[in-house]
Each structure stands twice: as C-alpha cells, then as structure tokens.
Amino acid sequence: MERMYPDYENCTANFACSILKEFQVEEIPNPTLEAADRLLEKSHENIVVILLDGMGINVLKHNLDPHGFFNRHLAVSYQSVFPSTTVAATTSMDSGLFPCQHGWLGWDCYFKELDKNVSVFLNTESATAIPAADYHVVSHFLPYKSVIDRIREAGGQAYRVTPFVWPRPQSFEAICQLVEDVCQQKGKKYVYAYWNEPDGTMHKTGCYSDEARRTVRKLEEQVEKLCSRLTDAQIFITADHGHVDSNGAVISDYPKIMECLVRMPSIEPRALNLFVKKGWERQLEHEWKKAFGDRFLLLTKEEVRKKQLFGTGKERAYVDGMLGEYLAVAVSDLTIYNTREEKERFIGVHAGLLADEMRVPLIAAER
C-alpha cells in the first residue's frame, strides 16, 4: 500500500489561502495553492467551494464514469493535511492554517486543563454523551479566525452553507438551493458549502460498495445541475480527505500495551496519540512492534515534529500539552479502536498516511 506524507505547499490549507488572496485579505498565513491561483485568475462574481466529506481521488476513480462531470472537470489532485480527517482538514479549509497552527487535530483531543479526552465537534467526553464542560472546549482553548470572517473584515461578502449554521439545511438538495440563492445576490462573494457525504455512507459500507457508488453518483448529478443554474461563477468541488476500507483491532485486547498508557489514546483510530507512563517507553515500543509490526509507524513526539506531520511553520503553543510521548500512525489497512463498538461500526476509514486517505480532488467548473 502506497503511503504519502503531507505536502504543506499542496493541501487544503493552501487552497483556503488562495481564497484569501482572491479576496485581497492581508497577512495570508501560508502559501497559496498554485493550481487554484491559476483558476482564479479570471474574474468571477461568485467563487463557490463545495466540500464533499471523504470524496478522495480513489472514490472518484472507482465509483464514477471517467467521462462524467466530476472526472471530466478534475483540475488537479492535491492533498489533505495530516491527520487526513474531517476535524483537522475542514478546520484547515476554514482557516488557511495547518493543524499544528490551529490545533484541531482530530475527533478526540486531550485538554490538560480538564484532564480529559474530548470529542471536539460534539463537546462531549470521548466515547460518551457526557458534556465535557459548560462551554465549547475546543473553541475556548483553540480559537481561530475563519476565512469567512477575514473576508468580511476586509470588506468582502462571504457565506457559509452547512448543516451546522442557520438555516441549518439538512439535505444536499437544500444545500444546493441555498448556494444558488446566495449567488443570485449582487456583488463579488465567496460561498463555502459542506456536506457530510459520501463519508457517512462509506464509514458504514466501505468505499466501493453499491451504496457508496449510488451516493457519489447522486452527488455528482446534483452538483452538475447546480452548476448549470449558476452564472458568472467559478465553482470548485473538493474533499477534506479520502477513504480506505479497513480491518479493525481493539487496543484493550493488548494488555501489555494498555499497562503502559496513562489514558486512552486520542486524536483518531488511525493516528493514535499515546501518553505513556514514565519509564514504560521501552515496553511500549517492544509490545507495539510485536503486536502491529510495520502496519503502524510508532513515532516519538520529537520525530513527529521533525517530519512536520502536523504542518510547517510555528506550532501553536497549546498543542504541545495535547500531544503524548508517541504517535502511532496507520500505514496499512489496520485501524486500532478504543472500543469494540467502534470497531464494529466502521468499514471505510481515514486519518492515516495511505495515499488513498491523503489524495483529494480539485474539481473546477466555470459558468
């Protein structure tokens, strides 16, 4: 299986920086994406980005007609950030920051003030429905300024169309209608739309199932119809990460590893953040290698930084306390869950360093 390290001059954060550049925002935090810059050279009133969760390059190639709308308009393949997962990658798309800069590293993050692993989007203690705090933990400790806000502050128009902000559209049809409505307003504007498919379907049924194929084909059909109704628009369709089909293990089935840990792993099941008891490092390394061989990279915190896995540039100070002594990163189809229930729930997965998790499309249509 091909592995791929992140390229922080060719990823979703760079694409967001191209949007900032297009709207003449000062102090762009990172390099722009050259391919997007070229496509944005023509002046359009509407700049639309539609992010379809999990729709990696491999998903396009295996599930869609090579002459269909998405593959026909594929401008370039570029990359997710690391971890190749929704929390990290959509936050990079929303901010132009690399994960080391924004700190939203994965589904579950450790917060030292609470001494808890927190499911950051849900604001619950990991693997529970218990509120992590009476405030939104990740936004409190790791605030950032969004691309939308920065464009507005620079005097431009910018809109977010997702199920999580008013009017909270709960279908992709509703997303498309809202995008169309916004684009009919006067003036140059940025419209960012997000939908949680095909990720949701692929988690349940795998990347290449009949259900996944139907879902991606329906999305393609709906996007093509939307594009046909827009005028004076540069439309981009992209993804936050790709997907792979996986085999699962449960970490509690490895007691010699468990006795080395201070707490349950965090970040992601394919990017496990490990806090290790002092003096137990040698046992952890030995038992991990014995159990998982070369299917995971076991890296020290120092090695993670040397490889710049979470990004280049200055690391946000808060991130250091979020990271344990080791990070175990998937480079195979094996995924290691904290609970048996998680293992049984997922087929399609992401967040590791396989190329199919990292490669995403930049699809471009002009009206």
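Is Lys145 buried, partly exposed or exposed, and what is its relative accessible area?

Mentor: In this predicted model, Lys145 is partly exposed, with a relative accessible area of 43%. Lys145 forms a salt bridge with Glu153, and the closest N and O atoms of the pair are 3.2 Å apart. Glu153 counts as exposed, at 55% relative accessibility.

The pair is one example among several. Over the whole structure, a search finds 23 salt bridges. One of them joins Arg160 to Asp94, with 2.7 Å between the closest N and O atoms. Asp94 is buried, at a relative accessible area of 10%, whereas Arg160 is partly exposed, at 27%.

Another salt bridge lies within a single helix. The side chains of Arg213 and Asp210 meet at 3.2 Å, N to O; both residues lie in helix H11 (residues 210–229), three residues apart, which is about one turn of the helix. Arg213 counts as partly exposed, at 22% relative accessibility.

His241, in the loop between strand E8 (233–238) and strand E9 (244–245), has a relative accessible area of 0%. Its side chain makes a polar contact of 3.1 Å with that of Asp53, and a polar contact of 3.1 Å also joins the side chains of His241 and Thr86.

Terms used:
Residues numbered from 1 in each chain as written. Predicted model: local features only at pLDDT ≥ 70, side-chain atom pairs only at ≥ 80, totals over all residues. Heavy atoms only, no water. Helix = DSSP H or I, 4+ residues; strand = E, 2+ residues; numbered from the N terminus. Buried < 20%, exposed > 50% of the residue type's maximum accessible area, 1.4 Å probe, protein only. Polar contact = N/O pair within 3.5 Å; in protein donor to acceptor, adjacent residues only side chain to side chain. Salt bridge = Lys/Arg side-chain N within 4 Å of Asp/Glu carboxyl O.
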